[in-house]
Amino acid sequence: MPEQYSWRSRLSEGFTIVLSILAAFALDSWWHNYTVARDVGSGIRAVAEELVEVERHLELRIAAYDQSIEYLSQALGLIESVDQGQIVQVPDKLMAGALYTPTIDPPTGAINAFLDSGLLSGVANRDLRHRIGELPSRFEDGADDEMSALSYVDNNVRPTLERSLSSTDFSAVLKQMPHYWALFRDSTPWAEPSISVSVAATPELHNAIASRLQMMKFARVEVEDFRRVVVSTVAMTGY
C-alpha cells in the first residue's frame, strides 16, 4: 500500500509540474503576443499621425504647383502671342515660375522607426502592411524627381532665361523667388509688387518654358497620386 501510494503521488506531482510548465509557456506566449499587438497598434497609430502631417506637406506642394502652372501658362501665352524673335513684356513673377522647383521634407521618423522595429510583420491587414512597407520607396522616388527637376532648371531653364533677359530684368525675376517659397511653405499671399520685363520670344526660350510647364503638370499628377495613397493608408489604419 505505501508503494502504491508513493507511485500515485509521484505521478500526480509530475503531472502538476508538467501542467505548471505548460501554463508558464502559455502565459509567456500570451504576454509576448499581447506586447507585440500593443506595440504594433502604437506603431500604426504613430505612422497614421505622421502620414496626416505628410498629407499637409503634399497639399502645400500641390497648391504651389497649381500657382506655378497658372503663372507659367500665362507667361507661355504671352510669348506665343508675338512673332518669333520679337520682344514681349511679361510680368517678372510669371517668369519666376520657370525657375521654381518645389521640394518637400516630410516627417518620416515614425515610419522609419516602425519599419526598423521589425513590427511590420505583425500588421494583420496585408494591404496595410504592403502600403507601409512601400512608403520609403515612394519618398525616394519623390526625392529623385525633385533632383531631376532641379537639374533641368539649373542646366537648361536658368541659362536660357539669362540669355533672354537683360541683367536688370533677370535680377527682377530672381527677386520674386522667395515669394514662391513662402507660398509653398505656408500659403503666404504674394507680397512683392510685380513689374514687367522685356523678353525675347526665341524658340529656345519657348521650348524651355513649355518643357518646364509640362514637367510641372506631370509632377503635380504624381504628387496628387501620392497624396491619395497617403489618405487611403491613413483610412486603412482606422485612426
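In helix 1, E53 and R56 stand three residues apart and are therefore separated by about one helical turn, where helices (H or I, at least four residues) and strands (E, at least two) are DSSP runs numbered from the N terminus. The two side chains form a salt bridge whose closest N and O atoms are 3.2 Å apart, a salt bridge being a side-chain nitrogen of Lys or Arg within 4 Å of a carboxyl oxygen of Asp or Glu. Both partners are partly exposed, E53 with a relative accessible area of 31% and R56 with 40%; here buried means under 20% relative accessible area, exposed over 50%, and partly exposed in between, with a 1.4 Å probe and protein chains only.

The model is a predicted one, in which local features need pLDDT of at least 70 and side-chain atom pairs count only at pLDDT 80 or more, whereas totals for chains, interfaces and linings use all residues. Residues are numbered from 1 along each chain as its sequence is written, and side-chain values use heavy atoms, with hydrogens and water left out.

The protein chain contains seven helices and two strands, which follow one another along the sequence in the pattern α-β-α-α-α-α-α-β-α. Of its 239 residues, 37% count as buried. The accessible surface comes to about 13,400 Å², and 56% of this area belongs to carbon and sulfur atoms; such areas come from the Shrake-Rupley method with a 1.4 Å probe, and for residues only the protein chains shown count as cover. Among contacts with a separation of 6 or more, 84% are accounted for by residues 24 or more positions apart, a contact meaning heavy atoms within 4.5 Å.

The largest nonpolar core has 55 residues, of which L51, M95, L99, F114, L161, V199 and I209 touch the most other members. Helix 1, which covers residues 2–80, gives the most to this core, with 15 residues. A nonpolar core is defined as a set of buried Ala, Val, Leu, Ile, Met, Phe, Trp, Tyr and Cys residues joined through side-chain atoms within 4.5 Å. When residues up to four places away in sequence are not counted, I209 touches L72, L76, I79, M95 and A98. L213 belongs to helix 7 and counts as buried at 5% relative accessibility. Although L213 and L72 are 141 residues apart in sequence, their C-alpha atoms are 6.5 Å apart in space.

A further position in helix 1 is E50, which is buried with a relative accessible area of 11%. Its contacts, not counting residues up to four places away in sequence, are with P107, T108, G109, A110 and I111. E50 and T108 are 58 residues apart in sequence and 7.1 Å apart from C-alpha to C-alpha.

Helix 7 has 35 residues and reaches 51 Å from its first C-alpha to its last, close to the 51 Å expected at 1.5 Å a residue, the expected span being 1.5 Å times one less than the number of residues. Just after this helix, G238 takes a positive phi of about 85°.

Side chains of opposite charge can pair when their charged atoms come close, and a search of the whole structure finds eleven salt bridges. Within helix 7 (residues 203–237), E224 and R227 are three residues apart and are separated by about one helical turn, and their side chains meet in a salt bridge at 3.0 Å, N to O. R228 also forms a salt bridge with E224, with the closest N and O atoms 3.7 Å apart; these two are four residues apart in helix 7, again separated by about one helical turn. An α-helix has 3.6 residues a turn, so residues three or four places apart point the same way. E224 is buried, with a relative accessible area of 11%, and R227 is buried as well. E55, D66, R220, E224, R227 and R228 are linked in a network of salt bridges.

The search of the whole structure finds one aromatic pair. The rings of F139 and F226 have their centres 5.5 Å apart and their planes at 80°, so the pair is edge-to-face. F139 lies in helix 4 (residues 126–164) and F226 in helix 7, so the pair ties together parts that are 87 residues apart in sequence. Rings of Phe, Tyr and Trp (its six-membered ring) pair if their centres lie within 6.5 Å, and planes under 30 degrees apart count as stacked, over 60 as edge-to-face and the rest as tilted. F139 counts as buried at 17% relative accessibility, and F226 is buried with a relative accessible area of 9%.
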